[in-house]
Amino acid sequence: MSNKSLTHALDKFLENFKDSHSVNSHITVEINSDLNFLNIRGSIANKNFFSNAERVFNQPLPTIFNTFTSGSHQIYWQAPDEWLLVTDHDLNSIIQEVNLVDDIYVSDQSGGLVQLSVQGPKVHPLLAKSCTLNLNENLILPGQCAQTGLAKAPVLIALVDATPQFNFVIRRSFAEYTALWLAQTGEEFGIKFLRKE
């Protein structure tokens, strides 16, 4: 199933958000409403699992804990036998490919997750205000990710590049809360929200 048919969790927030700092914004939050999410499970003891997964998803699964791979999709390591694929591709064709192999198991999470891209020179001081993980520069490197807390929301945080740009994957039920927290906490730095269609 594609999330294109669903109302995005942050539609109401974006309608009501007043961007008063767009000229002097030091933080940009990009909301992509066209992403799909696929939970991947498989046995790492099965020698065919990783090669079959790389063929099906057109890129390797990350095998080092708390890392992710980028290519056709972003694939985040979540546990030794679990990954999260985030993509703007249609999931139906991917799931059809998965159904042709016996050792990969997937479930569509598109209706339950949201990804935000947060970037700018003031992202580190913003996150320091309420992230339960120390994300100071040089403690997390591009290509690494971690499951942590942001204010009262559980999130998967990934450092995409040294801009810095972080991706936050959040449960749909926490999306508006997280966006409101970012808006209020980021006000002192100047923050703007963009919707990517």
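Analyst: Let's start with the order of the strands. In this predicted model, six strands make up an open sheet, and they follow one another as β8-β9-β10-β7-β1-β11 with mixed pairing. A strand here is a DSSP run of E with at least two residues, a helix is a run of H or I with at least four, and both are numbered from the N terminus. Two strands pair if DSSP finds at least two bridges between them. In general, strands of a sheet pair through backbone hydrogen bonds, either parallel or antiparallel.

At the edges you will find β8 (145-150) and β11 (191-196); each has a single partner strand, so one side of each is left without a neighbour in the sheet. From one strand to the next, the twist averages 30°; axes are lines fitted to C-alpha atoms, for helices over the stretch in contact, and angles run from 0 to 180 degrees between N-to-C directions.

Strand β8 runs antiparallel to β9 (residues 153-161), and six bridges join the two. One of the residues to look for is T148, whose bridge partner in β9 is V155.

Next comes the helix that packs on this sheet, α5 (residues 172-185). Helix α5 touches β1 (27-32), β7 (113-119), β8, β9, β10 (165-171) and β11, where contact means heavy atoms within 4.5 Å. The direction of α5 makes about 140° with that of β10.

You can check the length of α5 yourself. Which residues of α5 are buried? They are A175, T178, A179, W181, L182, A183 and T185. Buried means under 20% relative accessible area, exposed means over 50%, and partly exposed lies in between (1.4 Å probe, protein chains only).

Finally, step back to the whole chain. The chain has five helices and eleven strands, and 48% of its 197 residues count as buried. Its C-alpha atoms fill a box of roughly 50 × 40 × 25 Å along the principal axes.

A note on reading all this: residues are numbered from 1 along each chain as its sequence is written, and side-chain values use heavy atoms, leaving out hydrogens and water. Because the model is predicted, local features need pLDDT of at least 70 and side-chain atom pairs count only at pLDDT 80 or more, while totals for chains, interfaces and linings use all residues.
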